[in-house]
Amino acid sequence: MTPRIPVSGLTSLALALFLLAGCSVMQSQRGSEPVALNSQFAVIPLTNLSQTPQAGDQAASILSAILRARGAGNVRLYLPEDANPMAYDNRARQQQALADAQESGADLIVTGTVDEWRYKSGLDGEPAVGITLEVRAADGDGIVWSGTAARTGWGREGLSVAGHKVLQGLVDAMPLEQAAR
């Protein structure tokens, strides 16, 4: 005879498995104006506050591809040459990318910070990613939209997969829409 698990036990078991599968959190600005997909987007290196070299560049590369996949037709990734790619401080590169984007006529600047981009230590070494994004008007007229998200993934999940999921969630939260022609 096989033991029976009560329905409430199955619910508890399912909830426990869900919680163990990976935790995530996201917050984004509500009530902001729509972000027109036909804008000229400039994605610049994200400020790397993590301990992983070039995490801001990795996140920016993934982000530009996600924006294109969502229907933004004019997305340009600005990653100026780096004399020391292992350096953590990328403010000079960000300023150069911002100046280049403004000079080339970008409408919106997409920037932010990578707060965490690593594998956690421990038995499984789960990936952990934390990112904050801001969409700014290129003319310096303020923040159009902002959001932040963090996630830990499965032990066998790749770091770029966890990063992609965090960035996808943030882009999904942006009020993107096609502008009337």
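Which residues is Trp-117 in contact with, leaving aside its neighbours within four places in sequence? In this predicted model, where residues are numbered from 1 along each chain as its sequence is written, local features need pLDDT of at least 70, side-chain atom pairs count only at pLDDT 80 or more, and totals for chains, interfaces and linings use all residues. Side-chain values use heavy atoms, with hydrogens and water left out. With contact taken as heavy atoms within 4.5 Å, Trp-117 meets Ser-50, Thr-52, Ala-55, Gln-58, Ala-59, Ile-62, Ala-128, Val-129, Ile-131, Leu-159 and Gly-163.

Trp-117 also turns up in the largest nonpolar core, which has 32 residues; Trp-117 is among those with the most contacts inside it, along with Phe-41, Leu-67, Ile-131 and Leu-133. Such a core is a set of buried Ala, Val, Leu, Ile, Met, Phe, Trp, Tyr and Cys residues joined through side-chain atoms within 4.5 Å, and buried means under 20% relative accessible area (exposed is over 50%, partly exposed in between; 1.4 Å probe, protein chains only). Two or more residues each come from β3 (40-43), α2, β6, β7, β8 and α4, and α2 gives the largest share, 7 residues. Helices (H or I, at least four residues) and strands (E, at least two) are DSSP runs, numbered from the N terminus. Apart from this core lies another, of 8 residues, including Ile-44, Tyr-78, Ala-106 and Ile-109. In soluble globular proteins, nonpolar side chains tend to be buried together.

Now for helix α4, which covers residues 159-173. Its 15 residues reach 21 Å from first C-alpha to last, close to the 21 Å expected at 1.5 Å a residue (the expected span is 1.5 Å times one less than the number of residues). Leu-159, Ala-162, Gly-163, Val-166, Leu-167, Leu-170 and Val-171 are the buried residues of α4. An α-helix has 3.6 residues a turn, so residues three or four places apart point the same way. The buried residues of α4 pack against β1 (24-28), α2 (55-69), β6 (108-119), β7 (127-137), β8 (143-152) and β9 (176-177).

Glu-157 sits in the loop between β8 and α4, and counts as buried because its relative accessibility is 10%. Its side chain makes a polar contact with that of Lys-165 at 2.8 Å (a pair of N or O atoms within 3.5 Å; within protein, one must be able to donate a hydrogen and the other to accept it, and residues adjacent in sequence count only if both atoms are side-chain atoms).

Val-25, in strand β1, counts as exposed because its relative accessibility is 52%.
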